[in-house]
Amino acid sequence: MAGTQHRRKGPIPLLSWFGKRDVFYVTVLVVVWLASGYAGKFKRGLKEVFAPAPVVVSPDEEDIRRQIEARLRSEMEQELEREIAAMRKAAADKQAKEAADALKPEPPTEMAAGSVTDVRKLRSGIPFKTEVKFDKGGIASKERADEDSFTASYQLSLRVPAAAKTMQELETTSPDLAKILPGLPALIGKAEVSGWFHKLYENKVARIRRDAHSLNEVLTKHNVYDCETILNLRTPDGKPVFFMQAEMDVVSDGSDGDRLPAMPDDIVNSTHYQPFTSYGWKKRGKTPNPMVAGWEKRLANGQLELADPATSAERKAWLRDRIDYLKRGIADLKARSFLIAEYDPFIVIPINLLTARDPFAPKVGDYAVVIHDGKAYPSIVGDGGPTFKVGEASLRMARQINQRASPYSRPVSDLKVSYVVFPGSRDPEKGPPDYARWRKRCAELLDNIGGLGEGYALHEWEDLLKKPEPPAEETPVPAVEPGSP
């Protein structure tokens with residue numbers, strides 16, 4: 001998603017995994033995959049979410065595992081495509097430079113000792129200063145054996161932020177927060193900074209350290225500083241409340257054949273669009289999920305390539321894993337329905353919170369209220385996101401806040417969005433969205449923390465997928481008997 005780093009749902013891929021491509025690029029694909037260790041990265045990603053911290057086994061865990069597997073695969077594939085595109089560009093640039101150099105030969109000169117300094121701003125927004133120093137040395141055979149003849153050092157500085165924990169600090173970015181939630185100041189006075197705020201920044205630092213060590217592109221400065229605070233609040237009767245102040249990025253996942261039987265071809269055939277959300281329920285209708293067709297096509301192409309004797313052993317190993325994944329996904333799409341980000345208002349919470357034992361950690365389906373620019377929007381926790389990033393909502397929510405929002409453009413870049421989640425509030429049974437019920441439950445839960453201030457009201461969501469009303473039956477005209485006046 002442009003405007004977001006970690007994931008994107010819906011873009012048309014640069015290349016199809018199972019499309020007809022020339023031998024060179026298929027070879028590059030396999031080599032880069034194997035050399036870069038993407039399979040290992042994928043497995044490590046799953047372990048990062050589910051292994052280190054204790055989790056509680058619940059019906060949600062299967063949904064969350066499925067959703068994070070789809071997300072990790074999508075992220076790895078997009079990263080691989082970017083690397084291939086970069087390789088192609090580098091090769092083209094090198095060829096162009098060599099051609100230009102051949103036309104303009106320069107007389108050989110002896111390189112002078114000294115240093116060259118370059119200051120620029122990386123694409124991630126980090127000021128970057130490089131210095132290359134040249135010294136006179138001995139003969140090449142001697143310098144080759146000396147470890148100190150060719151060295152490099154890299155230092156990246158990062159200030160880890162403190163959490164906002166007073167009303168004055170919270171209203172730095174949201175000046176009317178106390179007017180919208182008049183009961184909040186009293187709760188903030190007794191609040192504690194959530195351990196999840198510190199864990200979030202620990203995860204960011206760990207990711208930056210990992211990427212810096214391998215000289216990969218690190219998180220952008222924007223995505224490092226995406227969270228102003230996470231606080232543990234309690235209602236007057238002691239119930240936990242999760243409060244977060246952050247930005248808002250866009251999620252465009254999800255599918256449901258019962259409510260949306262057709263989707264655009266570029267989405268159906270996309271290898272990056274994720275048809276699942278963490279919130280899902282048993283399918284209730286007979287209309288097939290439109291995403292099944294695209295997944296079955298990819299499955300068939302994969303099976304053909306697997307059966308081809310010319311396919312390498314390494315490629316076949318990858319294909320078997322991919323085919324198993326596609327089969328599981330197809331079975332799931334046939335049996336279950338999910339939220340649709342373009343039509344349903346929901347928020348995204350890091351997956352490690354969704355599986356935690358912490359009573360303050362939100363769970364899938366918990367009710368939530370999003371507050372921005374004097375307006376309050378009822379919603380639920382509908383999806384799980386990365387463990388190193390916060391502040392995400394569905395495309396429907398994003399467009400309501402900012403009409404120009406899209407899968408490639410976030411609605412709010414500043415830390416001006418407040419997310420109030422009520423842990424333990426989810427309904428016992430999941431099902432298709434009922435916006436009127438969502439609004440009613442959110443109003444009741446807000447009343448427990450003082451309600452909305454005078455002049456403020458919860459937004460009323462319109463069901464954009466509501467079926468048209470059947471035409472009214474016409475009153476039959478009585479037949480006129482022959483000879484009647």
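Let me start with a definition: helix axes here are lines fitted to C-alpha atoms over the stretch in contact, and angles run from 0 to 180 degrees between N-to-C directions. Helices (H or I, at least four residues) and strands (E, at least two) are DSSP runs, numbered from the N terminus.

Now the ground rules. This is a predicted model, where local features need pLDDT of at least 70 and side-chain atom pairs count only at pLDDT 80 or more, while totals for chains, interfaces and linings use all residues. Residues are numbered from 1 along each chain as its sequence is written, and side-chain values use heavy atoms, with hydrogens and water left out.

First, the overall picture. The protein has 15 helices and 12 strands. Of its 485 residues, 46% are buried, where buried means under 20% relative accessible area, exposed over 50%, and partly exposed in between (1.4 Å probe, protein chains only). Taking contacts (heavy atoms within 4.5 Å) between residues at least 6 apart in sequence, 77% join residues at least 24 apart.

Next, one helix pair. Two packed helices are described by the angle between their axes and the distance between the axes. For H11 (residues 291-307) and H12 (residues 313-335), the axes come within 9 Å and cross at roughly 155°. H11 is therefore roughly antiparallel to H12; the cut-offs are under 35 degrees for roughly parallel, over 145 for roughly antiparallel, 65 to 115 for roughly perpendicular, and oblique for the rest. The contact of H11 with H12 has 11 nonpolar, 3 polar and 9 charged residues. In that count, Ala, Val, Leu, Ile, Met, Phe, Trp, Tyr, Cys and Pro are nonpolar, Asp, Glu, Lys and Arg are charged, and the others, Gly among them, are polar.

Staying with H11, this helix contains Arg-298. Is Arg-298 buried or exposed? Arg-298 is buried, at a relative accessible area of 8%. From Arg-298 to Leu-326 is 28 residues in sequence, and 7.9 Å in space, C-alpha to C-alpha.

Now a loop. Between strand S9 (367-372) and strand S10 (375-385) sits Asp-373. Its phi is near 50°, a positive value in a residue other than glycine. Asp-373 counts as exposed, with 63% relative accessibility.

Last, the cysteines. How many disulfides does a search of the whole structure find? The search finds 0, a disulfide being a pair of cysteine sulfur atoms within 2.5 Å. Cys-227 is buried at a relative accessible area of 3%, and Cys-442 is also buried, at 0% relative accessibility.
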